[in-house]
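Here are my notes on this one, jotted down while going through the chains. Have the structure open as you read.

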Amino acid sequence: MLAAVLVIFLAAAIAPTLHRLLPAFSHWLLALVPAGVTVWFAQFLGPVSGGETVLQVVPWVPALGVELAFRLDGLSLLFALLVTGIGTFITAYAGGYLHGHEHQGRFYLFLLAFMGSMLGLVLADDVISLFVFWELTSVTSFLLIGFNHEDGRSRRSAVQALVVTSLGGLALLAGLVLMGLVGEGWRLTAMEASGIDFRAHALYLPILVLILLGAFTKSAQVPFHFWLPNAMDAPTPVSAYLHSATMVKAGVYLVARLNPTLGGTEVWTYTLAAFGTVTAVWGGLMALRSTDLKKVLAYTTLMALGTLTMLVGLGTEYALKGFAVFLLAHSLYKGALFMGAGAVDHGTGTRDVNQLSGLWPKMRLTGLFILLASLSMAGLPPFFGFLGKELMYEGMLEAGSTGTFVLVGMVLANATMLGAAGLVFVKPFLGKPSQAAEHAHEGSPSLWIGPAVLASLGLAFGLFGSLPAPLMGAVTSAVAGTAKTVDLHLWHGLTPALGLSAVTVALGAALFLGLRGVTAALGGLARASRVNFDAAWDHVLAGVDALARAVTNLLQAGRLSRYMLLTIAVMFALPGITLLLRGGFAMPKAEGWAEPLGWFLCFLMLLGTFGAMLATSRLAAVTALSISGLAVALFFLAYSAPDVGITQLMVETLTVIIIVLVLAKLPKFGPSERTDAATRLVKLVVAVAAGGVTTAILLSVTAQPLSPHLSDYFAAASYVEAYGRNVVNVIIVDFRGFDTLGEITVVAMAGLGVLALLKARNAPKPEEDAAAPRLDPGKPMTGEAD
Amino acid sequence: MEVVLAFTIGGLVTGAVYMLLSRNLLRLLFGVIILSNAVNLSIFLAGGLDYGVPPLIQGADKVLEGTYANPLPQALILTAIVIGFSLLAFALVLVYRGWQDMGTIDGDALRVAEPVETTPALEAAARARKHGRETA
Amino acid sequence: MHSLILRTGTRLLLALMVLFSLFILWRGHNEPGGGFIGGLIAAVAYSLVALSFGVAEMRRMLPADPKTILGAGLALAIVSGLFAVVGQGGLLADPYMASRWYISYTETGEKGFAIGTPVLFDIGVYLVVIGGILAMVRGLMEEL
């Protein structure tokens, strides 16, 4: 299975090159890859339908116990076949649809990369790899929605889809990690088999909320649905593939996959049923209102996603059977319809149903397949969609009171599908030919072969229910967690479900015939809603911007003193707080009190420091600095560090020389940098706190016994190995010579840097218009405050 | 002496930080000088204080024996002093060049990199977003 | 300021101080001193000359431009580390910067004159310190 995923990624990698070499055939050649993988997966149909589960485990991050584990059971096999099977037709279709597009090769790359990610997602048994593939599908979806990146609207839709689904992805990651902690491992099969009762665990609710957030954003459940209609800005093959048949079903796949471990509780049932039903009804009504063929289909997709979520939530045997059948039925008819809509767009130049009419004579093939698929969508016998709807109703009737709650909504939602089917077939194809129909023409075979196969399958599976039944049984078993079998028949006798179907058809027909009124009524409702979600999105983004700006202004005020204050406060607060909280403070043994020279030098250091701090003239400050520095040097000399002491003495001299040289050219200390009392108080508090933390740390460090290891080594080796009696110098030039080499390089760089800074001024300036207005260099620093 | 020095270093850091927070860049540099002294003394203190026993191998001895001062901190501080001086000189020249080009040594008045107005990048981002919304 | 006697005297004094710095450099391996201290002493001496007689006078008393001294010192320090890499024991037998010594022994077995790569390295340090600091001083004085 790893090989199957890798082969598709490999095809993605070579796709642009292949397209450049063979632009006319590349789509056929590339379609062979998913076709081959489909055939490879098809061989598992027998065993998996018989109840077998195929596992493959490849170590990935052994240190963390993360594996690349794949599982093939009914659910993942169905998805794998859909991904690769529909993917085959989509790849071929893209060749015809995007014919001559300048970035066609890139499109294949994105498309196949998505295919590989999606395949990995549905096969993954390890939650970490599941998450990685999940995010990969979000990223590739972003690239595909924004494929026409010159278009601002495409870019916005792409970003919207990415942000919504990745926010959900983050929640999902947290949920999966929590799940892994509870389940003591990352493998889903292991969690199912472990017997750990997730439902009774204290973390059940957080896990559920986080994972459902991931699933609902991905599968566009209300109120996270708004990105999906916008995603229709993508080229049609993408809409057909990602945003109807595969990627948006990832969320549905996830809840189905986790049903055995997390499902069955009241929270689960009510949450999924409520969100699913609302989404289904919403999507159905919006579909009737839309006039763009692709938007109509996008909203019917919302309806399907809601229905599937709801069915998993109900969780009864018939509901899950309905889930399996409706999942397959929807993928077949929706893929066909999208591709058909794309062919209409391609042939007439418009997707607006109000401008399309009487296409039938010009586009018989496309029309035929759209008709077949629409009938399946409408849920009419003998199509596969009818079987799905019957089982759906059975499931709701079976679920008792919960079922009745959703029943009303679902009858309405299904009825809208009939109306939408009319919108998709009757309006464009029948009636008097419109202006747009005059130049209509059938596309190349690559444009109608996909719809042909998918729509025909929808009819075949309906007529011969025994064909898909074994796989449907395996899917139901995988979702239910126990073995189930499915029998599919068109005629069950006069059941309540059949009655509901009849009601649905009548209602749907009424909806379509009264479409004008329905649309008008829905118009107001829609303006009050979708627009709001979309506008809210902009508000959220603006809010994030404002927050970022506020934080930036606070932290990055553009004022040096503020930066210093923040940096220093954090630098000293962190170790100080740590010392306090960890109880690390200790007092050293007090020794050496009777060393008058040491006392005196410490006094001089402090005198010089505070003198420099309080000095009002520069010369006084320099003098005070010298006193302090001199005292430091003498301290080194007194406490057994002659080399350091002499160095410090010399450096003191040079420091004074350099400062005096520069001072002559700089302005005197003026009142301009004086700050108000409050600022001075803040400075003083931070300064005293910093000093206090330093003293506390130093005392605690000194209280620890010193490890003699290194000094003993140097003492013993200095003369014997390095022939030097001055141990300090031997360390500098020999033991730590490499270190010293780095240090003298710094000295060299500083020297050259000073030269460069000073000489750069003499070079001619390219332009005088620096970002800031250039101030007069001669102007003294006067009294006015900043 | 350790305790006395620890408190002295605390005092040095207090003075240094106070000066680092000033708006006058020259004062800030003076703060840097004191801070680097304080850091050097800290390293010295952490290595242990010994009065009057420099780490020199005497006469006919081949190894250091008895009480001797810890040589490693001394080696580290020695080079640190020279580097500290080099960087100070560099910083001082930077301040001088700032004065030449911008006419101020008030740190808060140096706003070339971050002018008071919003940056062009922010404006461009806002424009792009607005554009995307309008075409949507 | 431009009196010949003063200038000659300074030259003499400077020569003495440079000699002293060399002495400090040389004895640094066994007594307090070494490349850093020696270099600083020489740099102080030349800086005082520059302050008293101007930067041109300082340059005249230097054997080379500060930048050249700086570069030579850095090169010497880097090269001193190479002896271990290409020397006895074959190529790359020892890591870069491992020390190599030449030691002469007297007939009685006493250790006599000894010179090693760390000494070369220390001379490099000495030159870098002089060159680096004088480059700064010269730049500042010429500019200001």
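1. Let's start with A:Pro34, which sits in helix α2 of chain A, the helix covering residues 26-42. Keep in mind throughout that this is a predicted model.

2. Is A:Pro34 buried or exposed? The cut-off for buried is 20 or more other C-beta atoms within 10 Å. A:Pro34 has 28 C-beta neighbours inside 10 Å, so it counts as buried.

3. Which residues does A:Pro34 touch, once neighbours within four places in sequence are left aside? The contacts are A:Ile8, A:Thr84, A:Gly87, A:Thr88, A:Thr91 and A:Met115. Take A:Thr88 from that set: A:Thr88 is 54 residues away from A:Pro34 in sequence, yet their C-alpha atoms are 5.2 Å apart in space.

4. Now the strands. In chain A, β1 (residues 54-61) and β2 (residues 66-72) pair in the antiparallel sense, with 7 bridges. If you want a pair to click on, A:Gln56 has A:Phe70 in β2(A) as its bridge partner. The two strands make a hairpin with 4 residues between them. In that turn, look for A:Gly65, whose phi is positive at about 70 degrees.

5. Further along chain A comes helix α12 (residues 249-262), with 14 residues. From first C-alpha to last, α12(A) reaches 19 Å, close to the 20 Å expected at 1.5 Å a residue. Of its 14 residues, 13 are buried, so α12(A) is largely enclosed by the rest of the structure. After α12(A) comes A:Gly264, with a positive phi near 95 degrees. A:Gly65 in the hairpin turn also has a positive phi.

6. On to the chain contacts. Between chains A and B, 91 residues of chain B are in contact with 103 residues of chain A. On the chain B side, helices α1 (2-20), α2 (25-46), α3 (71-102) and α4 (120-135) each supply at least two residues. Which of them gives the most? That is α3(B), with 25 residues. By class, this side of chain B has 58 nonpolar, 22 polar and 11 charged residues.

7. Finally, chain B also has a contact with chain C, made by 6 residues from chain B and 5 residues from chain C. The chain B side here has 4 nonpolar and 2 polar residues, and no charged ones.

Conventions
Residues are numbered from 1 along each chain as its sequence is written. Chains are lettered from A and ligands numbered from 1 in the order in which they are written. This is a predicted model: local features need pLDDT of at least 70, side-chain atom pairs count only at pLDDT 80 or more; totals for chains, interfaces and linings use all residues. A residue is buried if 20 or more other C-beta atoms lie within 10 Å of its own, exposed if 12 or fewer, and partly exposed in between; C-beta atoms are placed from the backbone. Two residues are in contact if their C-beta atoms, placed from the backbone, lie within 7 Å. Ala, Val, Leu, Ile, Met, Phe, Trp, Tyr, Cys and Pro count as nonpolar, Asp, Glu, Lys and Arg as charged, and the others, Gly among them, as polar. The expected span of a helix is 1.5 Å times one less than its number of residues. Two strands pair if DSSP finds at least two bridges between them.
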